[in-house]
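Trainee: I would like to learn how to read the packing of helices and strands from a model. Could you take me through one, feature by feature?

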Amino acid sequence: MAVKALQAVSQGRNGVGAFILQCKRIDLHYCDWAGSSRGMNGFIKSLLPKFAAAHPQIEFTVSPRPAKHPVAIGHYINGRSKPICVRNMEPYEILKKLELLRDASGEKLKKVTKPVRSINESVRGIWSPYHGNGMPL
Amino acid sequence: MEATLSRPAARCCCLLKSTTTSSTPRLLPSQQQQTRQKSTRARHKAALHIPPHPSFLSNPSSPSSSGSTTLIFNPPSSAPSVFQTPFKFLPKSDPRRRANLPQNLFSSSITTNFATQPVDVSSLPTIFDDRSPATAPKNHSLTKEDVEEMRRLRLADPVENSVLSLARQFGCSVMFVMMCVQAGKEHRDKVHVEPHAAARERWGPKKREAKEERKRRMDMLMRGEI
Amino acid sequence: MMKRLRIERATGQLLAAHPSTTSTPGAALRSSHRASQVPVRHQSSSAVEAKSHTPLYEEDGTDHSRFPPLEKLPPNTSALPSPLPSRALQSAKLAALHARLSLSPKIPLQTLARTLVDASADPNPQFNNSSLAFLGSTIINYHASEWFMVHYPRLPMDVFYAAMTGLAGPAPLHRIAKSWGIESAAVPGGEVDPGLLQFSLEHPGESVLGFGYTRTVVGKINKNNWQRSVASKVIYDDDFGQAVPPPSQQPKEENNPAEEEESEEFSESVPLPKFSPTSYGSEQTRELSEKAHANFVRAVVGAMYAHCGREAAKSFVKAHVLSRHLDLERLFAFKHPTLELAMLCAREEFDPPVARLLSETGRLSRTPVFVVGIYSGNDKLGEGAGATLEQARLKAAMHALKAWYLYSPGERARVPSDMLGDEDEGGAEKKKSWEPVYVDIGELISR
């Protein structure tokens, strides 16, 4: 007789209320010996401390990976990761790559064709042929 | 839609057009200019060139447009949302009610659907519902003895004294009879379950499926899914 | 994990891995909790089997000559049920989490580490998050319920409970914890990183969460799926309208020894059933994981309240919990909408509702559409479009009822806790302009 309740779970909207940076960890791998890691080694020595201090939300791990190209791997809250090989790059190029990792959402790259994607309902509702008086032409 | 820069004749047209309509600013100067062919122009451009909605034109007949500010009233052609509370449902303390908006803007026959043309409500055809208390005149003065009598009759012979006949007899609604007295379980089984069960036995797979589908649709309707 | 365990047990290396002496002060504080069953984690058990004669093992069975530890752990760490509070300062994950949530520096990392220890991981209430979670749950539920009460004063009680569960129940809080990037440790223990959420699937702990009374017939209610009246839900049940389980979880207590027996049998190379009740992805584990994640979020709010005060906790709840999107329109399921609407109109002394056909198309076709409006007097209460007149009428009635129930005085209506800011001047200003909120007279149909 009376109203029954259905169950639903609220949907999160990052940035409405609070914003959580989606990149949670960046792994940096280098090699002490190989020439392709020269820029990476310089980056770790010179630029990384400042970058890491500016981004306390991100956990940085630095570990050697001998005889391999240097790589920066971003780990994201949605469980995905984004590896970028940074062989033969200069330290400032690597910094750009790290900023890319920081700003990424972790989602797969896809083409955005609609200007706005929202779960808010539109102000004027969904057009219906049975409502409104139309406009005589 | 074609980008026609590669075709010399079209480029001429384009140049010509830009010179003739040079007063209008070009929105995308760096991008490729897109022009219509003669075959599609009428369909895509001329047909879409329609006058603005009447509400946007100044209406000299309405008295409110004498001042500098006018109220543009162009309601959406969409089904109303449940979050638009009808005027009648607003509590007395609500400022929207206190502002007395509908009385000022529209006559009383206008509904909250923001219809631009007044609708005479009484002219709309009603949909009858037997159980709805609006359709049948009701007797609100049933006494306790009446109810006792109703109970006695119904329990004595539920087939003869059906809910409908009792409602007619006492001049009350069917719902009221059902609220006063419920027939026994045997009667309910005999009248409502057994004949249907016998009929259900004869259903083929198509009918059974159709009935199940119908029930599922009704459940979905009640949950607001369709 | 289980396969590894078998190898461990076969080699017998673990016999030396249970030192009963407690050396650190934190360990000394813990009384005899879980003295018998110490969770032991092994990172390289295959190495243990291969070099079982080498005497190089630490107390956790790791060959540290091959795998040097990243962090120098205090002795007997793995004997503890949860990481030492002092290790919170070294955890990069924890510091990142602290910064990611933009927590105030007033909240120390040790407290944040404690919020990550579920009662199932560490039964000692001085080290787990149960007290903080209780505090946080009261704050979250208070703010959510007052928000609903003020913004949707006519919600029926059942729908109100559903809305509370959908906004502040365990499921949404679990999603919030996931959206914060919380990772969980496979098995809790003293040696795991303090930045990981620690809960145990084997030993569901007990933590008192929320208010409410245990009904005397709670067993029968759960067993026979008895209906509870709304009034009794308000009096007895918790903030989400769920019956409070009895304080001592007898069935779970019974489960534990059975599982232990199972694992012991299994150590003697009896094949494990493919889906044990605690295997990953089962209904039970999912529920335990959801509970642990939800308790973590509540504990963070509790820590916020304890260290930063009421206003900070409120804005945190507002930003992370109340800002989420919940479509209240989808929470309603009706049974006799036309009848209910008639009763509503009778109660409110409106004219009885009449369904009128507004427009129609294709009556004789395969796909007709009827648009039906429900009128009370000259006012339209609702409208709906359907393929039959009956369907359209029901939809119109449901629309009208939802419009009644979902009345809102507006987004800017203030909740009572807005008036609590008494320290600063802004609070005093706010206090002046308080107007009583709209309170509905009650349920349309009471049960």
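Predicted model: local features only at pLDDT ≥ 70, side-chain atom pairs only at ≥ 80, totals over all residues.

Trainee: What angle do the axes of α14(C) and α15(C) make where they cross, and within what distance do they come?

Mentor: Two packed helices are described by the angle between their axes and by the distance between those axes. Here the axes of α14(C), residues 337–347, and α15(C), residues 389–405, come within 8 Å and cross at roughly 45°.

Trainee: Which residues make the contact between α14(C) and α15(C)?

Mentor: On the α14(C) side they are C:Pro337, C:Thr338, C:Glu340, C:Leu341 and C:Leu344, while α15(C) brings C:Arg393, C:Leu394, C:Ala397, C:Met398, C:Ala400, C:Leu401 and C:Trp404. Sorted by class, the residues of this contact are nine nonpolar, one polar and two charged.

Trainee: Across which strands does α15(C) lie?

Mentor: α15(C) lies across β2, β3 and β4 of chain C, and runs at about 135° to β4(C). Those strands form an open sheet in the order β2-β3-β4, with antiparallel pairing. β2(C), residues 353–361, and β4(C), residues 379–386, each have a single partner strand, so one side of each is left without a neighbour in the sheet. From one strand to the next, the twist averages 20°.

Trainee: How many bridges join β3(C) and β4(C)?

Mentor: These two strands pair in the antiparallel sense over seven bridges, and C:Gly373 has C:Glu383 in β4(C) as its bridge partner.

Trainee: Turning to the contact between chains, how many residues does each of chains C and A give?

Mentor: Chain C gives 42 residues and chain A gives 26. On the side of chain C that touches chain A, the elements giving two or more residues include α4, α8 and β3 of chain C, but α7(C) gives the most, with seven residues. By class, this side of chain C has 23 nonpolar, nine polar and 10 charged residues.

Trainee: In which sense do β1 of chain A and β1(C) pair?

Mentor: Strand β1 of chain A, residues 4–5, pairs with β1(C) in the antiparallel sense over two bridges, and A:Lys4 stands opposite C:Ala333 in β1(C).

Methods. Residues numbered from 1 in each chain as written. Chains lettered and ligands numbered in written order. Axes fitted to C-alpha atoms, helices over the stretch in contact; angles between N-to-C directions. Helix = DSSP H or I, 4+ residues; strand = E, 2+ residues; numbered from the N terminus. Contact = placed C-beta atoms within 7 Å. Nonpolar A, V, L, I, M, F, W, Y, C, P; charged D, E, K, R; others polar. Pairing = 2+ DSSP bridges.
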